[in-house]
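Let's take a walk through a protein structure together. Have a look at the picture below, and then we will go through it step by step.

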Amino acid sequence: MRALTWHGKHDVRVDTVDDPEIINPRDAIIKITSTAICGSDLHLYDGFIPTMKAGDVLGHEFMGEVVETGPKSTLKKGQRVVVPFTIACGSCYHCGKHQYSACDNGLPADNQDIAQELYGHPMSGLFGYSHMTGGYSGGQAEYVRVPFSDIGPIVIPDGIDDDKVLFLSDILPTGWQAAEYAQIEPGDTVAVWGCGPVGLFAVQSAFLMGAERVIAIDHFPRRLELAAKFGAETINYKDHAVYDALIEMTGGIGPDAVIDAVGLESHGLFVDNVLDQIKASTFLGTDRPHANRQAIIACRKGGRVSMPAVYGGFVDKWPLGAFMEKGLTLKTGQTHVQHYTEALLAAILDGKIDTTFLISHHLPLENAPDGYKLFHDHQDVATKIVLKPGLAKTKVEMPA
Amino acid sequence: MTNAANADAPATAARDKDARAAEAERDESQVSAAVVTIARPTRELYDFWRDFSNLAPIMENIESITVESDTRSIWTIKAPAGRTVSWEAVVTEDQPGALIAWESVEGADVRSSGRIEFRDTGARGSIVRAVIAYDPPAGLIGELIAKIFQREPAIQARRELRRFKQFMETGEVATSSRTRAHHAEHKAG
């Protein structure tokens, strides 16, 4: 089959690789019809995530048609399914509590050692996201092997376009969980750092959960426009000092809840960010949490911090003092996708949530390297790229 | 020195190497212990483990285990250059539903022993604790075996218990292989 493979920093290629096969009884093979490039794929593209190997197939946002099932799979050939990016067994203690991203059994035993050493405990497996998260082949390919297919994939009714439901795989539940973790109360003001897909879905979700005001922070005008369409007030941090703006906009109180949807590659040439970059490049620190620091400093006393953003290692100069003195609460974690898919699919079918606005490009899978470059270099134009297997390679115009 | 006898922390977590080695059934030099909670009844876990022919897929480096009698079994590991090495193990202690201990017979090529304990923990299932110990054998073949065995001796028991847990809780051992050929090649290390 054809698949997008990782070969190093800023080096991804579409190669011909072996087709996936059923190995375990609960497996299914899915023929991919749509697969998106995620902001967190850019962390792989930029070489920030350790334990990648040349030839790894990327992609953890995908959907398609069931073409083969193992004897214990509950799926049927021909069904259309969206597949959660978290690989969870459904039968361990954590899955029983719907903490799917903390599944005990989704990671192969040999792949659990790194997380056990680094984090104290191994987490669930993830598709296409380094060997620390299992080394599973991802879905930016023609076919994918889906383990525990009786638990994860959600069946999509006929007649619903891929674009409407594809983001159930990751970013919609992630944005929703981010808003849920902000523990929004009626009348709250919620500030969201980062208007990428997760941030934009968090904006939508926060309003649905009763936030009175949502303030969105980014530096890409196009992304801020999208946030404004959902009713958010916006701050472009290139033009305004974020803390000053937030304090002024909230009458000196600060936002009741803050959401960091930026993560380990915070943009912006702030002094502490530059220090972080130097440290990251000299392995003194791996993460660059400028947005997170700003969110904690701006958050009102006794407020809530929600952190859907991905952090992988250690941070320096994290404002633990402000966090403690103001009595903040932090909720974070990889998304428990399987917990949310059913309710969010219903919301999509009822027309309460529309995610199609986000998609700026459909490209053939064969053009996936162009897609990565476009998404990486031109985030203002490329808000979300969906790859389509089976289409002939085309010419992709890069914005000036 | 702390008074180890009165401490609640287990010997396998001791900073002192000799205190850790004392966990081995005999006096093997390489000792690896691990604990895991499995969401299945104690008796079911014991019964599965007591039939040693079930264990090859979850054991590190083990090619096969053939049961010869109620207490004796032949363990085979793959050595480099297509060779295999076998030894006979005998059950030395058996408390149904609670504990199994075994060790290689005198004169075996690989001197090893193991013990696994099962304890009911109510709603969360069973706490399972394993101690695996062995001595690197002598001679050329021994060096090869030692190389396989000692690749990461400290985490061997941990990985074995993870596979045991996966199999008992999910009915399969998780693998990220894409093809059956890759899976066959990489199974058990």
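Which residues of the largest nonpolar core touch the most other members? Before answering, keep in mind that what you see is a predicted model. The core has 116 residues, and those that touch the most other members are Ile30(A), Val190(A), Val192(A), Ala202(A), Ala216(A) and Ile259(A). Where does this core lie? Domain 1 (2-170 + 335-388) and domain 2 (175-332) of chain A both contribute residues, so the core lies between them.

Now step back and look at chain A as a whole. Its secondary structure comes to 13 helices and 18 strands. Along its principal axes, the C-alpha trace of chain A spans about 60 × 45 × 45 Å. How does its radius of gyration fit with a compact globule? A compact globule of 400 residues would have a radius of gyration near 21 Å, and the 20 Å of chain A agrees with that. Of those 400 residues, 54% count as buried. Among contacts in chain A between residues at least 6 apart in sequence, 72% join residues at least 24 apart.

Next, let's see how chain A is divided. The domain assignment gives domain 1 (2-170 + 335-388) and domain 2 (175-332), so domain 1 is written as two stretches of sequence while both domains give residues to the core described above. The centres of the two domains of chain A, taken over C-alpha atoms, are separated by 26 Å. Where they meet, 18 residues of domain 1 of chain A are in contact with 15 residues of domain 2 of chain A. On the domain 1 side of this meeting place, helix H1 (39-45) and helix H12 (337-349) of chain A each supply at least two residues. The largest share, three residues, comes from H1(A). Sorted by class, this side of domain 1 has eight nonpolar, seven polar and three charged residues.

Not counting residues up to four places away in sequence, Ala347(A) touches Lys352(A) and Ile353(A).

An unreviewed UniProt entry carries the annotation "domain: Alcohol dehydrogenase-like N-terminal" for residues 25-153 of chain A. Over residues 25-153, the chain is 15% helix and 25% strand, and the end C-alpha atoms are 15 Å apart.

Two spots in the backbone of chain A also deserve a look. Most residues other than glycine have a negative phi. His10(A), however, has a positive phi, near 55°. You will find His10(A) in the loop between strand E1 (2-8) and strand E2 (11-16) of chain A, where it is exposed, with 12 other C-beta atoms within 10 Å. Gln183(A) is not a glycine either, and its phi is positive at about 45°. Its place is the loop between helix H5 (171-181) and strand E11 (189-193) of chain A. Gln183(A) is partly exposed, with 15 other C-beta atoms within 10 Å.

Finally, turn to chain B. There are five helices and seven strands in this chain, and from the N terminus on its elements run α-β-α-β-β-β-β-β-β-α-α-α. Buried residues make up 33% of its 189 residues. Among contacts in chain B between residues at least 6 apart in sequence, 48% join residues at least 24 apart. How do the two chains meet? In all, 29 residues of chain A are in contact with 20 residues of chain B. The side of chain A that touches chain B is made up of 11 nonpolar, 10 polar and eight charged residues.

Conventions: Residues numbered from 1 in each chain as written. Chains lettered and ligands numbered in written order. Predicted model: local features only at pLDDT ≥ 70, side-chain atom pairs only at ≥ 80, totals over all residues. Core = buried A, V, L, I, M, F, W, Y, C linked by C-beta atoms within 7 Å. Buried ≥ 20, exposed ≤ 12 C-beta atoms within 10 Å, placed from the backbone. Domains from an automatic or database assignment. Contact = placed C-beta atoms within 7 Å. Nonpolar A, V, L, I, M, F, W, Y, C, P; charged D, E, K, R; others polar. Helix = DSSP H or I, 4+ residues; strand = E, 2+ residues; numbered from the N terminus. UniProt positions renumbered as here; feature names shortened; annotations may be inferred. Rg over C-alpha atoms; globule rule 2.2 N^0.38 Å.
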